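Please keep the sequence and the structure in view while reading.

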Amino acid sequence: MGLLLLLVLGAAGVSFVGVGLWAVCRHFVTADIPAAISHPVKLRVIDCFLQLLLIWGTIFEKLRICSQPHFIRFIHDLVPLTKDPDVVVKDLRFGTIPVKLYQPKAPSCTLRPGIVFYHGGGGITGSLKIYNKICSRLSKESDSVVVSVGYRMVPLHRFPTAARDSLAATVHFLRCLSTYRVDPARVVVCGDSMGGGLAALVCQKLLDRPDFPKIRAQILIYGIFQLLGFQNPSFQHNRNVPLLSGDFVFRCWCSYLDISPSWKSVVLKGAHLPADVWARYRKWLGPENLPERYRRRGPELASPEPLNEDAYEETSHVLDSANAPLLADDDVVSRLPEACVVTCEHDVLRDDSLLYKKRLEDLGVSVTWCHMEDGFHGVLNTLGMGWFQFPCSTRILDAAVRFLRGL
């Protein structure tokens, strides 16, 4: 019996070491660290850990122990919460939706701004807990009441659950602003990555709700604003830059939209949508809409191959308005409140934000643009991580706080 136990422990140890080596090798074979990244070693270490989580998550999913998203979220939520003595944090439910409420501890004789925050993670990673430090700092430094929305995620909840939960939680908050001593004239939506797209979508959905206070502004941090395809120059140029690779973007896309990964080659060529769809939206998606420095030669938006009708049948819901705030009608976009758009140079999703910024500006919406030359997707999440924190994360938070204080 003892020998059997030793063999099991030995096998487990070998497996652990083997998977670790696989993760490290995978990183060095696939990852591209741009020279402008200020601390490349830190980024390599973080990406190796992320690769390790992805591999173990895949193994656990294959063994039917748990899904990969559940495993990843379980591991990153093991990190203990750090409490700021100057911020009061409460775990609440808006209906059935879990939220975290952050309020500055210091008393205020006036109503405070309110921020509804939607976390990123592509529906696979991200949680209320892992964004605790960011929301706490945001509340304290901007002297605002922050509500972080815990929308439901894959694999149990796919499109359009995240959008519905985000809108429902926001509506609940708007109904009870007086309870939290929030100024109804200064309610802001904010999010990063997938959360940035949710913030933009919620802002659009609330335009025709005169029964609620108007959203004062939107803070969109390297958001994703369309799910039609992956033809942007930034996707081609930054697809191997950590922490968000092109392959992981596609995995999130498939998981959230419940689309088979087997369509990858078709989707990456743009052959999952008809040529007339690409032609219709080129006026907003075409690379000519990007700043001159980003107009690199790449795949045309029109399908380079004939339409794959089977793929279209299974992926046509990418055209749903809940998946593409970038493609909303002019009448909608022109009525949006002012925005703070944060982009990172080495982000695979950089061009989404630049295209949305241009649409806003073209239709007369005031935009404050903050571009991080040394930034990469997910850098904000290194805030408060000690040695692993990147200076860029603090600059992003500072930009958001400055914008809020200027409202």
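**Basis of the description**

This is a predicted model, in which local features need pLDDT of at least 70 and side-chain atom pairs count only at pLDDT 80 or more, while totals for chains, interfaces and linings use all residues. Residues are numbered from 1 along each chain as its sequence is written, and side-chain values use heavy atoms, with hydrogens and water left out.

**The chain as a whole**

The secondary structure consists of 14 helices and eight strands. Helices (H or I, at least four residues) and strands (E, at least two) are DSSP runs, numbered from the N terminus. The C-alpha trace spans about 70 × 55 × 40 Å along its principal axes. A compact globule of 407 residues would have a radius of gyration near 22 Å, and the 21 Å of the chain agrees with this. The radius is taken over C-alpha atoms, and the globule rule is 2.2 Å times the number of residues to the power 0.38.

Of the 407 residues, 54% count as buried; buried means under 20% relative accessible area, exposed over 50%, and partly exposed in between (1.4 Å probe, protein chains only). Contacts are heavy atoms within 4.5 Å. Among contacts with a separation of 6 or more, 78% join residues 24 or more positions apart.

**The interior**

The largest nonpolar core has 130 residues. Such a core is a set of buried Ala, Val, Leu, Ile, Met, Phe, Trp, Tyr and Cys residues joined through side-chain atoms within 4.5 Å. Leu 138, Ile 219, Leu 228, Trp 253 and Ile 396 touch the most other members. Leaving aside residues up to four places away in sequence, the residues that Leu 138 touches include Ile 115, Phe 117, Leu 397 and Leu 404.

Helix H3 (residues 68-76) also has buried residues, among them Phe 71, Ile 72 and Arg 73. Their cover includes H2 and helix H8 (246-257).

**The surface**

The chain exposes about 18,100 Å², of which carbon and sulfur atoms supply 58%. Accessible areas come from the Shrake-Rupley method with a 1.4 Å probe; for residues, only the protein chains shown count as cover.

**Salt bridges**

Side chains of opposite charge can pair when their charged atoms come close. The structure holds 23 salt bridges, each being a side-chain nitrogen of Lys or Arg within 4 Å of a carboxyl oxygen of Asp or Glu.

| Pair | N to O distance |
|---|---|
| Asp 258 and Arg 158 | 3.8 Å |
| Arg 293 and Glu 373 | 3.1 Å |
| Arg 359 and Asp 330 | 2.4 Å |

Where do the partners Arg 359 and Asp 330 lie? Arg 359 is in helix H13 (residues 350-362) and Asp 330 in helix H12 (residues 330-333), so the pair ties together parts that are 29 residues apart in sequence. Arg 359 is buried, with a relative accessible area of 4%, whereas Asp 330 is partly exposed at 38%.

In the second pair, Arg 293 has a relative accessible area of 46% and is partly exposed; Glu 373 is partly exposed at 40%. Arg 293 and Glu 373 also belong to a network of salt bridges with Glu 345, Arg 350 and Asp 351.
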